[in-house]
Each structure stands twice: as structure tokens, then as C-alpha cells.
Amino acid sequence: MATCAGTGLSSAAAADREPAADPASRPPASAALLDAMERDLGLTPAAARERLADEQRATRTERAARKAAGAAFGGAWFDEKRGGLTVAVTRRDALADVRATGADARLVEHSAKELNAAKARVDKLNAPADVASWRVDHKANRVVVDVVAGHRGDNDVSSFLRKARATAPVRVATVPEGPQTFAAGTVGGDPYYTGNVRCSIGFSVHGGFVTAGHCGRAGASVRGWDGSAMGTFQGSSFPGDDYAYVSIGHGWWTVRSSSAGTIPDQLVRGSAEAPVGSSICRSGSTTKWHCGRLLAKNETVNYSDGTVVHQLTKTSVCAEGGDSGGSFISGDQAQGVTSGGWGNCSSGGETWYQPVNEILGRYGLRLHTA
């Protein structure tokens, strides 16, 4: 998702003087994102706008419901059929307090704190290549381990699962193939380049942009879509995390919010974290806009090259090589930058992103919002 372009610093200064739009007249998302939601989620234009409104309410409700549940909080997710938030709690006396916030409430065995601690114990195990990932699934109230299809009976996979079950309430699921990062060799498009790797810009921040850490190391030079010098990786973390900050110069500037490839979009207004179950859209230099659903948070991904990344968010959105680093958005709220996944945008697949708020906090950055 290209968020930086142009050759005149004065244009950015002029943009900063533009009057703010009336919030009541602002659309819920960019036209390109709404079109992608309609295509990928099978929604009418009216249904796409209604869903975004429901998800914005659920995002606000989650904060209140988490506080109301206290230590009994067992996680939350957006129920697309009901159009509202469901919250899990471990104590019956917390049900009424959570429902008073506008959320539905469900009684479960394990709290979110207990499940996170259980997953952290699984994180310490040495996972074989055919164990694709593991995560806390609040709806299932379990730690779910994904195994590549056909390999569940392998000795090393069986050994890992036995150890995982000994330390956590585990459920096993299968995926068609193992995940990989979505960097690519140099080809044409609307990307940025470092060495012979092509990736996608994530979000504009004041002074540069954020992207995926596996796209370049600190100190690496970056070239823009036209091959000209663009900036430098000021910080990068991979594996473990998958994020980076690139400062820009050489006549390039950051524009407010974002743009999707060559389609201008100025509709990123913040970074409020969407709940599981929300619609989510991604843009990258290879495949532009695609949408799906937010499936899980705090997932540990074991990429096929043996690198492990923690605390990623899983989605049903497709991606392809070169999309790494690109933007994930829910409505008008920035969510994260593309890390990797499996599949493609012809046959489908799943993609993970690094949450953007962690990146902003790590480097002390501010989004350049609309």
C-alpha cells in the first residue's frame, strides 16, 4: 500500500493547512476498500457500510466490556450474524455487568490471562516445520495449534503436540500448507525496493513509513517505485517480531493517511484495534485491495524457513509475493502491516499482520492521519 510519493516537500506542508472535514459528512472507509469488501465478503454497498458501523460500535464496546469483566475476562469477538460483540467470562456474576455494556456474554472455563499464559508456555517449545502456528482462540476457549495437512502423525509433530497438551488446553486444526513471508524479487509495480527484494509500504508516519521487518535490516537503503533513492531503515525487528520503520527524504514526503497502490485514499483516521470477527482489508503492491475477516490475535507463526514470529494477527485475506509490509485496515482504522501467510489471491489463503500500535510504540511514531 503506497503511502509516500511525489517530489515536492512544499506540497506536504500545504496539505497540513487544509481544513478538517466535518466528521458527520465523512465516509466510513475509502471507496476502494468498500468496493473490495463488497467483492470479497459478498456484501451490498449498504450492507458494507452497515457492517462497518456495527464493527465500530463493537470496538468501543470491547473496551467497556473488558473493564466490566475484570479478572473474569475471557476474550471477545465480533458476531457478524448478530452484528454485535460477544464477550467470554469465567464467573457467572460477571455476566450481567458485561451485558450492561451492550455486549452479549458467554460463560467459559479459562480466562484470557490463563490462555495467554498457556500459549506463552507453548511458545517455549521447539516447533517442527509442519506445525504452522498456534494461537489463543477465545471463542473455542483453547490454544489452537495448526498443523500442515497430512503431517499430524509425523513423529516430530506428534511429540510437539504431546508436549503442548501437557502445558495448555489444546485443540488441533489443519491448514493446507505452511506459511511464508510475502517478500518478492524485483519486478514492476508500485512498491519500494531494498536490495533485490520488493515489499509494500505500510502506513505513513511523521517522518517516514512503517513496514515489515523481514523486508530490510536497520541501515539498509530504500528505493521508491521509480528506482530513485527514497530513505533508510532506521529500525527493524525480525524474527520474533516483524516490523520496521523507514525514514524518508530525497524529495519524497509522507501524505496524510494512505493510498492503495495508484488509487489515492485519505481515510486512515486512527489505529483503534478491531475485535476478532471484524471485516479487515489489506493492500499491497502486488494484489492491491483484498478483504476478509479477522480470525485470531496473539498467534505465533512458524514460517517455512524456520523463523518464528510472535503476537501476529491472523486473517482470511489473501496475499502474494511483494505484498509484505502493506497495510491492513478495518474501516478507517489502521490495524497492521502484512507479515506472511499461505495461498494466493486466485485460490485463496490466510495472511498474518504485525499490529501497528506495537510498531508505533516501539519507535515513538505518530500516524499521519486524514
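Let's start in strand 22, where Q311 is found. Helices and strands here are DSSP runs (H or I of at least four residues for helices, E of at least two for strands), numbered from the N terminus. The phi of Q311 is near 60°, a positive value in a residue other than glycine. N298, found in strand 21, also has a positive phi, near 55°. Most residues other than glycine have a negative phi, and most peptide bonds are trans. A cis peptide bond joins F238 and P239, with omega at about -5°. P239 sits in the loop between strand 15 (229-237) and strand 16 (243-248).

A word on the model itself: it is predicted, so local features need pLDDT of at least 70 and side-chain atom pairs count only at pLDDT 80 or more, while totals for chains, interfaces and linings use all residues. Residues are numbered from 1 along each chain as its sequence is written, and side-chain values use heavy atoms, with hydrogens and water left out.

## The largest pocket

N298 turns up again here. The largest pocket has a volume of about 600 Å³. On a 1 Å grid over the protein atoms alone, a pocket is an open set of points where a 1.4 Å probe fits, with protein on both sides within 12 Å along at least five of seven lines, and lining residues have an atom within 4 Å of a point. Grid points are joined across faces, edges and corners, and the volume is the space filled by probe spheres set on the points.

Of the 25 lining residues, E62, R66, E273, K297 and N298 are the closest to the centre of this pocket. Helix 3 gives the most to the lining, with four residues. Other elements that give two or more include strand 2 (73-79), strand 21 (288-302), strand 22 (308-315) and helix 7 (356-363). The lining divides into 10 nonpolar, nine polar and six charged residues. In this scheme Ala, Val, Leu, Ile, Met, Phe, Trp, Tyr, Cys and Pro are nonpolar, Asp, Glu, Lys and Arg are charged, and the others, Gly among them, are polar.

## The second largest pocket

The second largest pocket has a volume of about 410 Å³. Its lining has 20 residues, with K139, V276, G277, L294 and L295 nearest the centre. Strand 21 supplies the largest share, five residues. Strand 2, strand 5 (131-137) and strand 21 each supply at least two. By class, this lining has eight nonpolar, two polar and 10 charged residues.

## How the helices pack

The axes of helix 5 (residues 112-123) and helix 6 (residues 155-167) come within 9 Å and cross at roughly 150°. That makes the two helices roughly antiparallel. Axes are lines fitted to C-alpha atoms over the stretch in contact, and angles run from 0 to 180 degrees between N-to-C directions; under 35 degrees counts as roughly parallel, over 145 as roughly antiparallel, 65 to 115 as roughly perpendicular and the rest as oblique. A118, R121 and V122 of helix 5 make the contact with F160, A164 and T167 of helix 6, where contact means heavy atoms within 4.5 Å. By class, four of these residues are nonpolar, one is polar and one is charged.

Helix 2 (residues 31-41) and helix 3 pack at an angle of about 105°, with their axes 9 Å apart. They are therefore roughly perpendicular to each other. L34, M37 and E38 of helix 2 meet P45, A48, R49 and L52 of helix 3. This contact has five nonpolar, no polar and two charged residues.
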